[in-house]
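Here is a short briefing on one protein chain. Look at the sequence and the structure first, then read the points below.

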Amino acid sequence: MKKLLFKTILYGFLILLVLEVAIRVFHLTKDYPSRYVDEFNVEKWVPNQAGVSVTGIRRQNFSEYKINSSGYNSYREFAPSDNKKEIALVGDSFIEGFHQHYYNSIGKKMENRLDSVEVYEFGYAGYDFADQLHLIHAYEDMFDKIDYVVLGLKFENDLTRGEYSVIQDRMHLETPLYNSIRKIKLIVYAQNSGLFDPVMNAIGRMSALFKEKPNKTVKEKTKEDIQKTHLIYIENFKSLIKKYGYDKKRFVLLLDSNITPPIFLEYLNNNNYKYIDFYNALNKSKTPTTLIYDRHWNNHGRHLIANYLTKQLETL
């Protein structure tokens, strides 16, 4: 009986070890870069990391990332000077580009079309307008040397707050326990495969039994509610601009007019804020511009964005 128990444990351990090695060798799950908050209270990736970003248990998308010394996914280091021309792309996961090889990013595609211009990609998943302006203000000496700064803006997500603070929910992912767990690729793979879903759902149902059920019913938003929210977001935009400043000569917003309220576009036009509207650049394409499993741009979409950005910046 003891031998049987010993062999069961041993063989079970060996099977798990083989699975762990196979997942690592064939890159069946993603590598998670570590994040931190620097001395300027800017949240970013820990510098000088490299790995692969994998989506889906069958590697639906596989791409390499490389975090530079500034803490951003990029094929180059950021070293702006007054002696050369630079463009900065600042934004969320669409600029960060973990869905694309770092050496084939939007910035690299733009550089291929531009002569002697360096493109710096300050992309970080979850960055909103407050994150972006705080970053530019914190690294003012660097950004003052950059000729053009493009700020990605999605109205419904990026203007929900009028002042900056570190998003603690993201930083909770850096706890010692979570870091230790995600180093075991077999656990990460099993989690992404939904193996733990029944257990987590059962725990969720049990927790719900001990919680008081709210009496409030979900009220559908009226047109007036939506208009009120839009006005609040515009006030948040004004508040952030007032606190951090905004160079209208060098800064330009990157947005999709199809999902941007007309009242905000009117405000931008009336107050001389430059913006690049990429809606038509993507909408005219007969080939899909986003990935199959989410709305991030695929290689074709990034190619169109890079070309359109290049053309529009040349006219500024």
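A residue is buried when its relative accessible area is under 20%, exposed when over 50%, and partly exposed in between (1.4 Å probe, protein chains only). By that rule, buried residues make up 43% of the 316 residues in the chain. The model is predicted: local features need pLDDT of at least 70, side-chain atom pairs count only at pLDDT 80 or more, and totals for chains, interfaces and linings use all residues. Residues are numbered from 1 along each chain as its sequence is written, and side-chain values use heavy atoms, with hydrogens and water left out.

**The whole chain**
- The chain has 14 helices and nine strands. Helices (H or I, at least four residues) and strands (E, at least two) are DSSP runs, numbered from the N terminus.
- Its C-alpha atoms fill a box of roughly 80 × 55 × 45 Å along the principal axes.
- Contact means heavy atoms within 4.5 Å. Of the contacts with a separation of 6 or more, 68% join residues 24 or more positions apart.

**Helix H14**
- H14 covers residues 299-314, which is 16 residues. From first C-alpha to last, H14 reaches 23 Å, close to the 22 Å expected at 1.5 Å a residue. The expected span is 1.5 Å times one less than the number of residues.
- Asn-298 caps the N-terminal end of H14. A side-chain oxygen of Asn-298 lies 3.1 Å from the backbone nitrogen of His-300.
- Buried residues in H14 include Gly-301, Leu-304, Ile-305 and Leu-309. Arg-302 and Asn-307 are also buried.

**Helix H3, a partner of H14**
- H3 spans residues 106-113. Its buried residues are Ile-106, Gly-107, Lys-109, Met-110 and Glu-111.
- Those buried residues pack against strand S5 (85-91), helix H2 (93-96), strand S6 (117-123) and H14.

**His-296, in a loop**
- His-296 lies in the loop between helix H13 (279-283) and H14.
- His-296 has a relative accessible area of 14%, so this residue counts as buried.
- Leaving aside neighbours within four places in sequence, His-296 is in contact with Ser-93, Phe-94, His-99, Thr-289, Thr-290 and Leu-291.

**Leu-255, in a strand**
- Leu-255 is found in strand S8 (residues 251-255).
- Leu-255 counts as buried because its relative accessibility is 0%.
- Leu-255 and Leu-153 are 102 residues apart in sequence. In space, their C-alpha atoms are 5.4 Å apart.
- Not counting residues up to four places away in sequence, Leu-255 touches several residues, including Leu-153, Thr-260, Tyr-275 and Phe-278.

Conventions:
A polar contact is a pair of N or O atoms within 3.5 Å; within protein, one must be able to donate a hydrogen and the other to accept it, and residues adjacent in sequence count only if both atoms are side-chain atoms.
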